[in-house]
Amino acid sequence: MSLAAFLLALGVTCRITRFITKDTLAAGFRSWIGAHFGDDSRAAYLVSCGWCTSIWVATATALYASYLGGSPWFRAPATALTLSYLAGLASRWLD
């Protein structure tokens, strides 16, 4: 895997993990998991713990990047997700 693909995979992992564990748009998903499996279940913990979620997101992203790291099918969405994550960080610092 090239350095560029690695850095994009890192950005993808950060953004998707944040989306699952913290973003308002995924709050319904987290609530559904809690209601379906119980608020104190491992599944509910998994979707609220950034460290836990990132393992699974990173695994999927690494597999995807290893197969498609040089193709536009990886680079385009990975670039968008990485830029989204960086824009979120920048807005925190600037606000």
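Which backbone oxygen lies 2.8 Å from a polar atom of the side chain of Thr61? The backbone oxygen of Val57 does. A polar contact is a pair of N or O atoms within 3.5 Å; within protein, one must be able to donate a hydrogen and the other to accept it, and residues adjacent in sequence count only if both atoms are side-chain atoms.

This is a predicted model, in which local features need pLDDT of at least 70, side-chain atom pairs count only at pLDDT 80 or more, and totals for chains, interfaces and linings use all residues. Residues are numbered from 1 along each chain as its sequence is written, and side-chain values use heavy atoms, with hydrogens and water left out.

**Helix 4**

Thr61 sits in helix 4. Helices (H or I, at least four residues) are DSSP runs, numbered from the N terminus. Leaving aside neighbours within four places in sequence, Thr61 is in contact (heavy atoms within 4.5 Å) with Ala9, Val12 and Thr13. Trp56 is also placed in helix 4.

**Accessibility**

Buried means under 20% relative accessible area, exposed over 50%, and partly exposed in between (1.4 Å probe, protein chains only).

| Residue | Relative accessible area | Class |
|---|---|---|
| Thr61 | 6% | buried |
| Asp23 | 15% | buried |
| Arg15 | 17% | buried |
| Trp56 | 58% | exposed |

**The salt bridge**

The structure holds one salt bridge. The term means a side-chain nitrogen of Lys or Arg within 4 Å of a carboxyl oxygen of Asp or Glu. Arg15 pairs with Asp23, and their closest N and O atoms are 2.8 Å apart. Arg15 belongs to helix 1. Beyond four places in sequence, Arg15 touches Leu81, Ser84 and Tyr85 as well as Asp23.

**The largest pocket**

The largest pocket has a volume of about 330 Å³. Of the 15 residues that line this pocket, Cys14, Arg18, Tyr85, Leu89 and Arg92 are the closest to its centre. Helix 1 (3-21), helix 4 (50-68) and helix 5 (72-94) each give two or more residues to the lining. By class, the lining has four nonpolar, six polar and five charged residues. Ala, Val, Leu, Ile, Met, Phe, Trp, Tyr, Cys and Pro count as nonpolar, Asp, Glu, Lys and Arg as charged, and the others, Gly among them, as polar.

A pocket is an open set of points on a 1 Å grid over the protein atoms alone, where a 1.4 Å probe fits, with protein on both sides within 12 Å along at least five of seven lines; lining residues have an atom within 4 Å of a point. Grid points are joined across faces, edges and corners, and the volume is the space filled by probe spheres set on the points.
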